[in-house]
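Subject: Handing over the two-chain model

Dear colleague,

Please find the structure below, followed by notes on what was found in it. I would be grateful if you could read the notes with the model open beside them.

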Amino acid sequence: MARLVLCALLTALALVSPAPGAAAEFPAKPIELVVPWATGGRADIIMRLFAASAGKQLPHPVDGHTLLAATVGANVIRPLTASLPYRYDSFAPVGQITASTLVLASKADRPWKNLAELVADAKKRAASPTFGCPYGVMPHIAMIAVGRRGGVDFKIVPQQGDGPSVTAVLGGHIDTIIGSPAAILPHLKTGDMRALATFGEARDPALSEVPTATEQGFPVVAAPWTGLAAPKGTPPAVLARLRQTFEAVMKDPEFVAGMDKLGERVMPIVGDAFAARWKQDQEQWEEPAKTLRK
Amino acid sequence: VSVLDGLAQGFAVALTCQNLLYCFAGVLLGTVLGVMPGIGPVAGIALLLPATFALPPASAIIMLAGIFYGTMYGGSTTSILVNVPGEAASVITCIDGHEMAKRGRAGPALGVAAIGSFVAGTVGTVGLMLLAPPLMRVALRFGPAEYTTLIVFALVVLAFLARSSTLRGLLLGAFGLLLGTIGLEPMSGHGRYTFGLPDLFDGVGFVPVAMGLFGLAEILDRAATPGRTEVVRGRLTQLWPGRADWQRAWRPILRGTGIGFLCGLLPGPNAVIASIVSYGVEKRASRRPEEFGHGAIEGVAGPESANNAAASGALVPLFALGLPSSPPTAVLLAGFLIHGLQPGPLLVQQRPDVFWGVLASMYVGNAMLLVLNLPLVGLFVRILRVPDVYLLPAVVLFCMVGAYSVANSLTDVWVMVGSGLFGFAARRLGFDTAPIVLALVLGPALETALRQALIISGGSPAIFVTRPLAALFLALAAALIVWNALAALRHRRPAAALIADTPGGV
């Protein structure tokens with residue numbers, strides 16, 4: 001029940017600010033890295049890799065400061081769809097570790113070759129195609145945004161994750177899945193599924209033949225990122241040191257190799273550029289997410 | 001590559017000194033974690049995951065898979081000995097397993113559970129090796145509508161397998177479903193009946209409720225009826241299942257294996273469903289259904305085989321499609337990914353050493369588990385010779401630690417104590433509380449499937465009868481109700497008897 005723990009943890013974090021003067025002896029105390037997700041999950045594994053590498057970069061193995069594993073889902077989308085005591089700007093972004101793309105795919109025997117055909121067909125038949133993904137997450141909101149652009153009412157069949165969504169698509173129970181390439185790629189390779197669109201700014205290198213949603217006339221860019229944030233009010237000197245360490249970790253060959261094994265590309269964005277990304281996501285998703293607010 | 005070539009290659013991987021060691025470490029840890037309440041396969045694999053970082057991929061997966069199927073062996077031990085289920089799939093084993101122990105037959109119960117688990121684990125591995133791809137194509141047709149009706153069928157079976165009357169079984173099953181609605185609802189994450197308490201957001205946990213309703217209630221009951229256990233100790237003679245036991249147990253073991261393997265292909269709490277369906281089938285098939293609930297060995301042999309076969313079955317979607325169908329296989333998938341492996345249709349081509357090595361290690365691991373568990377039977381049975389003044393407080397402590405350790409939550413300990421008091425009162429009033437626990441586990445799965453099915457059908461319930469498999473399960477459920485009603489009429493029982501307590505209830 002990650003979500004819940006998440007709220008509680010984030011509330012606690014927003015209240016914690018390092019004592020004045022912490023910058024001088026930084027990092028004098030162990031840094032606590034809070035990963036509000038299930039043990040063994042994707043975020044947990046990435047953060048373990050990060051902590052292992054950061055330990056080498058810092059004078060002390062680990063060091064009373066708290067850092068938070070941040071994702072677009074938890075830090076931007078979730079505050080838009082639920083009443084939480086924090087919002088996208090309640091934290092100080094440190095850096096982006098990785099970003100992936102979203103893929104929309106259907107079973108290979110369905111008539112559509114791409115997103116544009118799917119939308120045209122749904123309009124012609126006045127149908128509401130179903131899609132699978134967890135409720136209220138970025139993929140869900142991205143499909144709401146696409147539906148508005150195309151004038152089609154896509155119907156979500158909420159799933160517990162990408163795995164169950166793929167199962168439901170392969171079994172013919174739902175029309176499409178929108179999710180991460182990791183879950184979908186193997187079934188594209190075997191020819192059981194067909195990718196209809198990706199949602200990056202540009203085409204995904206692993207799916208170079210699949211046009212983006214923007215190319216197909218639906219300008220929706222959804223690139224779920226994972227990164228690191230510090231509590232708001234962290235002294236600038238400490239933040240600078242953190243960002244410096246962060247950059248060093250991103251260049252650590254061992255860390256990059258570990259991420260590579262997981263199938264994750266390291267795509268570092270540090271400091272203000274990362275903060276700008278949070279703001280951009282906030283602005284893009286605020287409007288479509290309103291329909292989910294209860 | 002033919003299956004035999006593959007298997008030869010697999011054994012070459014699995015039988016190296018190093019991999020035998022990791023396999024043994026995995027199944028040993030699995031057995032220990034299975035015996036300990038509160039820590040099941042999910043927590044076990046997740047905790048050990050970091051320890052496998054440095055291992056070669058095949059060794060790591062061999063060990064992690066060993067933990068997974070090893071926990072299924074351990075789960076029955078505490079169910080039989082002290083009426084505390086080690087994990088959800090062993091709740092059913094409490095019913096007849098603990099009754100056997102009370103009658104001085106803990107040895108045969110533990111023995112038949114270990115051998116049934118071995119048969120199921122081995123046959124299940126054969127099934128996984130030979131039938132994974134074709135079975136998976138069939139299993140994929142199993143959508144939300146089919147899943148909904150299967151759970152409805154399991155719930156109906158549940159009401160009839162309770163030792164108290166059907167009406168009471170239905171009542172407590174419904175209560176369990178209601179308990180299951182507490183927490184964040186599974187579709188959109190809105191809180192229900194949480195009173196704003198963060199501890200309730202995750203719902204009422206299965207472990208504290210099971211520990212209370214079974215473990216603590218049993219202790220209170222025993223403490224309130226002195227002298228009962230003395231009888232047991234005096235008769236604790238037979239250590240192994242005898243000839244007559246095997247004659248009664250072999251068919252349930254084989255049927256349980258088949259039922260468990262097929263249920264294992266399905267998503268969600270598949271091992272729980274497997275154990276319930278197996279118990280129901282055995283009670284129907286038996287010539288002595290009246291013995292069920294009072295120490296029938298079939299009631300241990302069937303469900304214990306079923307939950308082990310379900311563990312093998314659950315690996316089918318993972319190996320054939322790379323899709324985890326239940327929480328333990330999801331953490332196992334994380335184990336694959338950490339080592340740069342993507343299980344699924346391509347694994348057997350890309351990494352035949354891992355694919356066949358893990359399969360071969362499962363034969364080895366199941367044999368190890370048998371060798372490991374049979375001598376333990378004698379040791380475990382001796383626990384029953386411990387006088388009540390020491391044993392009972394130890395079990396209470398065991399339950400408290402178990403309830404606490406799931407989420408390091410004191411609230412869970414209070415839930416356990418509350419469930420214990422409730423369970424004690426319910427027993428005294430002649431209610432069998434097993435339906436509460438099982439319905440609590442099945443409830444969220446039922447809700448998710450039901451709502452998904454209705455979204456897909458646009459709100460029309462016709463989806464449950466127009467899809468053939470779904471209609472079949474509903475028909476089976478209806479047939480079971482009618483069959484029982486007719487049986488009750490034939491015996492010309494007055495209506496009041498339906499509500500009356502059956503003698504010897506929990």
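**First sheet of chain A**

A:L104 stands opposite A:I178 in β7(A), where helices (H or I, at least four residues) and strands (E, at least two) are DSSP runs numbered from the N terminus. Before going further, please note that this is a predicted model, in which local features need pLDDT of at least 70 and side-chain atom pairs count only at pLDDT 80 or more, while totals for chains, interfaces and linings use all residues. Residues are numbered from 1 along each chain as its sequence is written, chains are lettered from A and ligands numbered from 1 in the order in which they are written, and side-chain values use heavy atoms, with hydrogens and water left out.

Strand β4 (residues 103-107) and strand β7 (residues 176-179) of chain A run antiparallel and are joined by four bridges; two strands count as paired if DSSP finds at least two bridges between them. The open sheet of five strands has the order β6-β5-β7-β4-β8 in chain A, with mixed pairing. Because β6 and β8 (193-198) of chain A stand at the edges with a single partner strand each, one side of each is left without a neighbour in the sheet. Neighbouring strands of this sheet are turned by 30° against each other on average, direction ignored, with axes taken as lines fitted to C-alpha atoms, for helices over the stretch in contact, and angles running from 0 to 180 degrees between N-to-C directions.

Helix α5 (residues 115-125) of chain A packs on the sheet, touching β4, β7 and β8 of chain A, and its direction makes about 95° with that of β8(A); contact here means heavy atoms within 4.5 Å. Helix α6 (residues 138-150) of chain A also packs on the sheet, where it touches β4, β5 (130-133), β6 and β7 of chain A and makes about 155° with the direction of β5(A).

**A:R194**

A:R194 is found in strand β8 of chain A, and among the residues that it touches, leaving aside those up to four places away in sequence, are A:L104, A:A108, A:W112 and A:L188. A polar atom of the side chain of A:R194 lies 2.8 Å from the backbone oxygen of A:A108.

Strand β2 (residues 65-71) and strand β9 (residues 225-231) of chain A pair in the antiparallel sense over four bridges, and A:L68 has A:A229 as its bridge partner in β9(A).

**Interface**

The contact takes 29 residues from chain A and 33 residues from chain B. Chain A and chain B bury about 2,700 Å² between them, 68% of it on carbon and sulfur atoms, buried area being the accessible area (1.4 Å probe) that two parts lose on being put together, summed over both.

Definitions and conventions: Polar contact = N/O pair within 3.5 Å; in protein donor to acceptor, adjacent residues only side chain to side chain.
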